[in-house]
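Colleague: I have not looked at this one before. Can you walk me through it?

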Amino acid sequence: MDTQFPRIVITGVGLAAPNADNLKTYREKLLKGVSEITEIDLRYFGKAPAGICDFNETKYRKKKENKRGTRAGCLGVYCANEALADAALSIDHYKRSRIGVYVGLTEHGTVETENEVYNISQFDYNVDYWTHHHNPRTVLNNPAGEITMNLGITGPHYVIGAACAAGNASLIQGVQMMRLGEVDMALAGGVSESTGSFGIFASFKAQGALGSANDPREASRPFDTSRNGIVVSEGACIYVLERLESALERGAKIYAEIAGYAMNSDAKDYVLPFHERQAECMALAMERAGLAPEDIDILNTHATGTKQGDIEECKAIRQVFGEGKNTYINNTKSIIGHAMGAAGVLELAGNLPAFADKLVHPSINCNNLDPECKLNNMVFDKPVKLEKVDTILNNSFGMVGINSVIIVKKHE
Amino acid sequence: MTRDAIRDLILEIIEDIDEDADFDTLQADKPLRDQLDLDSMDFLDIVMELRKRHKLQIPEEDYPELATLDSCVNYLEPLLADA
């Protein structure tokens, strides 16, 4: 990446995943392949496997605020505060007007709208009973705005809508704003409350893309011949981004440096992914990072467990990495499901500790590897210890043809 | 509905909005907003709950009548006489 720009580092991670509410526990469970995907019962839809986050919802704000706001806001506020605590950073370290909040969303307002339509159905669809909270809850900046209100941040806040590439897209946005000097610190990541929407489950089901299994923990099984779709999860992950020199100055712990990134569009189909553009996206991110495929130690796949999606991504990886022996490949969704707008950042977070422990966390639930998904060095069931982990490449793709790739490197 | 029942109804609605609300030192003749963590959106919640529970349509110009616990009771007593 152009060296005239300031170098940006990740110095704090706050997360809520279906199997953990902090990075340490999350990493331990990913290394052991512990899935806590459960079965939920949705209004109108019925039962489905899903990932639900168990975290202390009132650790950083009152129940009253949680009731008034959204689940996405609640997740975002928790993770933003956890990220600051993890970074050992007081909110007053930087001027509050010089902090930016960038949150990725696959969708927002779906849950709130469904709830309100249900609510007025109890009153003969009389809109006099429609809540006055609807607009502040459903404006797209809601989750990012709830974070600024909670923390008293007066710098810019907005969300990036980028389907399931949104977490990565917002991380990229945060990096760009830091590089441009718009802000001195960024809280950037993604949030998903999609498990509250029957419509999202029903739509995936109608597409034949909703994962299922007798045991919900086995419903998300990317690369397996029997895979049958996505497991929808809620989740969130917010990073603290600082300039390298600021982080060094205050003696911050540095998880990783942003080495490169890329985003592009398939310009092709509403739902079907396209390996050519995915390959171009990975190649562009590496070019910007000044890295070659053989320099990538871990590649964390986007694969969601759909038939074609997994095959397309593996084709793209094969196209870029060939028979590469240096790159180890894993998948986090097999353990936590698909956290939609949070997916990219949550999955990257689960791999960041690899810079310290040199372990590649495994993918699970692949008993019969689809030959079309076969790649060198895929890591299944047990972690693999590498001699070195200096770089991680994270893929995150989404509907309507959106691709994102982030490469982070170890800070020595 | 008796005056006491109306008072309890209002306090119950406020407790639904904010279960941490402390009524121990609440003065019935002083504005609720000065004593509790309530803002204009919360007052709209009170209006909505009265609509849902008792089909009351409170016109906007009457909202100031809900300022204190006493004024709520005075205003609602005739409206809830048959409730």
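This is a predicted model: local features need pLDDT of at least 70, side-chain atom pairs count only at pLDDT 80 or more; totals for chains, interfaces and linings use all residues.

Modeller: Start with strands E3(A) and E7(A), which run parallel and are joined by two bridges. Across that pairing, Gly51(A) has Ser233(A) in E7(A) as its bridge partner.

Colleague: Which strands form the open sheet, and in what order?

Modeller: Three strands of chain A form it, in the order E2-E3-E7, and the pairing is mixed. Strand E2 (38-42) and strand E7 (232-233) of chain A are the edge strands, each pairing on one side only.

Colleague: In what sense do E2(A) and E3(A) pair, and over how many bridges?

Modeller: E2(A) pairs with strand E3 (residues 46-51) of chain A in the antiparallel sense, over five bridges. Ile40(A) is partnered with Ala48(A) in E3(A), and Asp41(A) with Lys47(A).

Colleague: How many residues lie between E2(A) and E3(A) in the hairpin?

Modeller: Three residues lie between them. Tyr44(A), in the turn, has a positive phi of about 70 degrees.

Colleague: Where does Thr195(A) lie?

Modeller: Thr195(A) is in the loop between strand E6 (185-192) and helix H8 (198-206) of chain A.

Colleague: Is Thr195(A) buried or exposed?

Modeller: Thr195(A) is buried, because 26 other C-beta atoms lie within 10 Å, and the cut-off for buried is 20 or more.

Colleague: Which residues is Thr195(A) in contact with, leaving aside its neighbours within four places in sequence?

Modeller: The contacts of Thr195(A) are Ile40(A), Ala50(A), Ile52(A), Val232(A), Ser233(A) and Glu234(A).

Colleague: How far apart are Thr195(A) and Ser233(A), in sequence and in space?

Modeller: Thr195(A) and Ser233(A) are 38 residues apart in sequence, and their C-alpha atoms are 5.9 Å apart in space.

Colleague: Which strand is joined to E10(A) by four bridges?

Modeller: That is strand E11 (residues 328-331) of chain A, which runs parallel to E10(A). In E11(A), Ile329(A) is the bridge partner of Leu299(A). E10(A) also runs parallel to strand E14 (residues 391-398) of chain A, with three bridges joining the two. There Ile298(A) has Ile392(A) as its bridge partner.

Colleague: Which helix goes with E10(A) and E11(A) in the β-α-β unit?

Modeller: Helix H11 (residues 307-321) of chain A, and the unit is right-handed.

Colleague: Stepping back, what does the secondary structure of chain A come to?

Modeller: Chain A has 14 helices and 15 strands. Its C-alpha atoms fill a box of roughly 65 × 50 × 40 Å along the principal axes. Among the contacts in chain A with a separation of 6 or more, 80% are between residues 24 or more positions apart.

Colleague: And chain B: how many helices and strands?

Modeller: Chain B has four helices and zero strands. The radius of gyration of chain B is 12 Å, in agreement with the value near 12 Å for a compact globule of 83 residues. The box around the C-alpha atoms of chain B is roughly 30 × 25 × 20 Å along the principal axes. Buried residues are 17% of the 83 in chain B.

Colleague: What scores does the predictor give the complex?

Modeller: The complex gets an ipTM of 0.93 and a pTM of 0.97. For chain B, the average pLDDT is 96, and 100% of the residues score at least 70.

Methods. Residues are numbered from 1 along each chain as its sequence is written. Chains are lettered from A and ligands numbered from 1 in the order in which they are written. The radius of gyration is taken over C-alpha atoms; the globule rule is 2.2 Å times the number of residues to the power 0.38. A residue is buried if 20 or more other C-beta atoms lie within 10 Å of its own, exposed if 12 or fewer, and partly exposed in between; C-beta atoms are placed from the backbone. Two strands pair if DSSP finds at least two bridges between them. A crossover is right-handed if, with the strands pointing away from the viewer, the path from the first strand over the helix to the second runs clockwise. pLDDT is the predictor's confidence in each residue, from 0 to 100. Two residues are in contact if their C-beta atoms, placed from the backbone, lie within 7 Å.
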